[in-house]
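Please open the model in a viewer and keep the selection panel at hand. The stops below proceed from one selection to the next.

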Amino acid sequence: MSGKQTNLLQGTLDLLILKALALEQMHGLGISNRIAQITRGTFVVKPGSLFPALHRMEEAGWLASSWGESENNRRAKYYKLTAAGRRQFETEWRQWKTIALAMRSALDAQ
Amino acid sequence: MSLWSRLSSLWRNLLRKEDVERDLDGELHAYLDQLTERNARAGMNPAEARRAARMELGGMEQVKEEVRGQRTGHLLEEILHDVRYGVRTLRKNPGFTWVAAVALALGIGANTAMFSVAYGILLRPLPYPDASRVAIVCMRYYPRDFAYGTLSIRDFETWKANNHAFEEPALFDNTLLDIGGDGAVPEQVKGAIVTGGFFPALRAPPLLGRYFGKGDDRATSASMVVIGESLWRRRFHASRDVLGSSIRIGGAPFAVIGVMPGAFRFPSAETEAWTNLKLAPSTRFGPWFYRGVARLKPGVTMQQAQAETNAIGLRLMQQNNVYKRLGLPVLELRTWFAGEVRQALLILMGAVGLVLLVAVVNVANLMLARGTVRDREMALRLSLGAARGRLIRQLLMESVLLAAAGGAAGTALAYGAIRLLRAWNPGSLPLMEYVRLDARALIFTLAVSLLTGVLFGLYPAMQSARADLNSTLKEGGRSGSAGRRRARIRAALVVAEIALSVMLLVGAGLFLRSLDRLQRVSGGFTGPTQQILTMTISPGDRKYQDARLGVPFYREVLRRVQAVPGVEWAALSDALPPDRQGDADSFAIDGQPAIPGEINPIVSDVTASAGYFRALGIPLLRGRYFDEHDTADSEPVALISQSMERRFFKGRDAIGQRLMQSGPGFGNAWLKIVGIVGDVKYLGRAEKRDSDAAYYMAFGQSYSQRMYLAVRASGGAGGVMADLRREIQAANPAATVSRTGTMRQALDRDVAEPRFHTALLALFAATALLMASVGIYGLISFSVAQRTQEIGVRIALGARPGDVLRLVIRQAMALAAMGIALGLAGSLALTRLLQAMLFGTSAKDPFTFVLVPCALLSVVLLAAAIPARRATRISPVVALRYE
């Protein structure tokens, strides 16, 4: 567990999960590893946050899940983006960029 | 997000829950395995790897719970769970559940029923389009002084000529119509005689044919009739051929032009036929038979119309110097129907609202008591990690369930109550036929029951959930500061219940006193009421308007009726006590010249046959009754009532003086006063003595076409009815007999309305009292249970049963005294509103204000005595071992 754990902003987790799944389907552990990797360890997603988010997003129709074989020949549940999920990813990405830009110019203002 | 995806999730989560759970379980275990494997690869030994993996996962059940919290339909599922749990708890405590649900059902049921009645009478739209724009126009003037009196055709002409506010003004008069001449038994129905604007003003379309229009009310118009649906079905077998046919009314032919639907009930609920009024140019003021009805022109308000008729009233006073203080009151149709019962209904609504309040307080009290018992359960569940919000929601759900059960039972109760009220309707509640349990009343009930649930559920729920865990668990849920505060609140609730009950009881007590006073008022006659049979007779043909035909007919009827076995006395009159005033007119007294333009007040004038006073038992005070020698050929005579002599003869002996009907200018003969008789109530027993002034004219010397027959039978009145009818028909086959009944029934009818209100109010008060006694019983039992140890110690230290009894009862009496004091204060403030409805009873009637507290104290004593006796039997050994 990382000592300088940063709290995830509300809504950020969804975007990170969507981003993690943008390229290929993955299982839960894969997703949390990938998020740690692409945020360079800034965000470590705990199972208590990850699974509720995955299930919520699946019920929203953004993700689809299926059982498959893991890299070590173990059964694992895989998640992938649906068409709706891809559209959601585009939308949230655009929104995030707007917010980030706005925040930066706000905080940089003299 | 897709709705479809949400719905399919909801479906799966609710109905395939096991699959979903198994899937989740599998997923988390797979994850755990993956973590373990990763840790093992990093060099941990298997046990260590597994432990680290578990740590990282952070508790399988917690994660599952988090996931469940995110599921679609999660809230619904929790609520369903709360419902199931609530039902289970309520079923486990049948005593509590029954008392609470019954209390609520009574409060809600009574409220719904009263609301439905009040809504039906005061608010439900009348079955005429835009009925609020239809006005009834009446006339009030001195000396006639009826608030909503009648006008004459001359007055109508003036109104019509100066009218700008209304569309075509119309005139109507209630009448009785003898329908016959078609081979069937002649029949008398209630009808109305109306002008051309009458139906257009109400705008209700006919069922068949047409109704009167402009031009149907000329002096030269043909005689026409519109019949009601009920008459059409009953007498004409619902045949369409009736249109255009001619029927006989009072012996004259009338063309049937239309049929009105059953819902059209105007001017009265029983009106079944309408004939056209033929307006001949009037030559004088009077007769004052009519009232106006008209629809406001678009954009004109009732106030504007009233202002205009006020101006017309001034003009009428200039035209006729007999009119003093004249006004033409404009009434909304609804006020016309329901104006008189409005106040009574509002009072009953207020009373039933208090009943609901008592019910709510009672249930809140029960909930609080239960909350105290359940403190321990709540504390335990909180310490096991239940969320406070969740606990509150679950407790609230219990209240809502209870309120819903009470609401459902209450609705059923209301349904029954309304049917009962409609069947019981004394006939004085107008528009009762429109009263039914309707959607609005139902919504009202549900709102009341839900609100009640939230109200009485919230406080104890918040308290239970806020409980301090440590102390509650230590104390075993017995006292504690929360417990003490709650006991104080419960005591306050019981005090409130008693105070509300006192107010209701005082109200009911006053009504009962008033009703009792009213029922003691004599109608002015002493004959045995069960044996006096009365009925309306009509010769059935308008040719009998001529006294030369009519008087012999009635004399023949009297002769035949007197010969019927079992008939002791038979008499004719055109008025009957207690509520059937016939005619009313002014009068002149010989030697008391009236000031020009002034006339004497209008009083009852009665045409009666010789046997009338003996048949009814109206006492003769001085002089003589009419006798068989008073005929058209002998000297015209009159009798006057005691009040008539008192009011107008100022201490002089009236006997031998002369009286004239109507007053100067009408060409009537002087009548010699031959006797003074007792006062008779012709306007209802609630009227003041001044209205008992009446003068009597001898049948034969005076005549009216429609008379009442009063018969005193030696046996039961019912036995002779068939014979009477046969004899009357034998005297004239076209004659009709209607409105038969005994004097007992008439007296009952006269007080039916106050009796109705009184019975309802007494019922409400009894309900409240019952609930208050349940409340005090509950409180005292509970407090005895709580003080078992203390009482045990007292007994062990030598307290005698009497001491224990006093201890417990003193507590109950203190609460009762406080409640009674508050209730009496409230009553004094509120009963002023009742004063107008009380007969011969002060709103501060000392008898009631003393009796009610005594009655209440004894009920409280009884309710407290049961737990108090239980307290005396507490065994000190058991009590001290209790913990």
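**A tour by selection**

Select Ala768(B) first: leaving aside residues up to four places away in sequence, Ala768(B) touches Leu354(B), Val355(B), Val358(B), Leu500(B), Ser501(B) and Leu504(B). Contact here requires C-beta atoms, placed from the backbone, within 7 Å. The model is predicted, so local features need pLDDT of at least 70 and side-chain atom pairs pLDDT 80 or more, whereas totals for chains, interfaces and linings use all residues. Residues are numbered from 1 along each chain as its sequence is written, and chains are lettered from A and ligands numbered from 1 in the order in which they are written.

Helices are DSSP runs of H or I, at least four residues, numbered from the N terminus.

Now turn to chain A and select helix 4 (residues 83–108), whose 26 residues reach 37 Å from first C-alpha to last. Two of these 26 residues are buried, so helix 4 of chain A lies largely in the open.

Finally, display the contact between the chains, with 19 residues from chain A and 22 residues from chain B. Helix 3 of chain A gives the most to the side of chain A that touches chain B, with seven residues.

Conventions. Contact = placed C-beta atoms within 7 Å. Helix = DSSP H or I, 4+ residues; strand = E, 2+ residues; numbered from the N terminus. Expected span 1.5 Å × (residues − 1). Buried ≥ 20, exposed ≤ 12 C-beta atoms within 10 Å, placed from the backbone.
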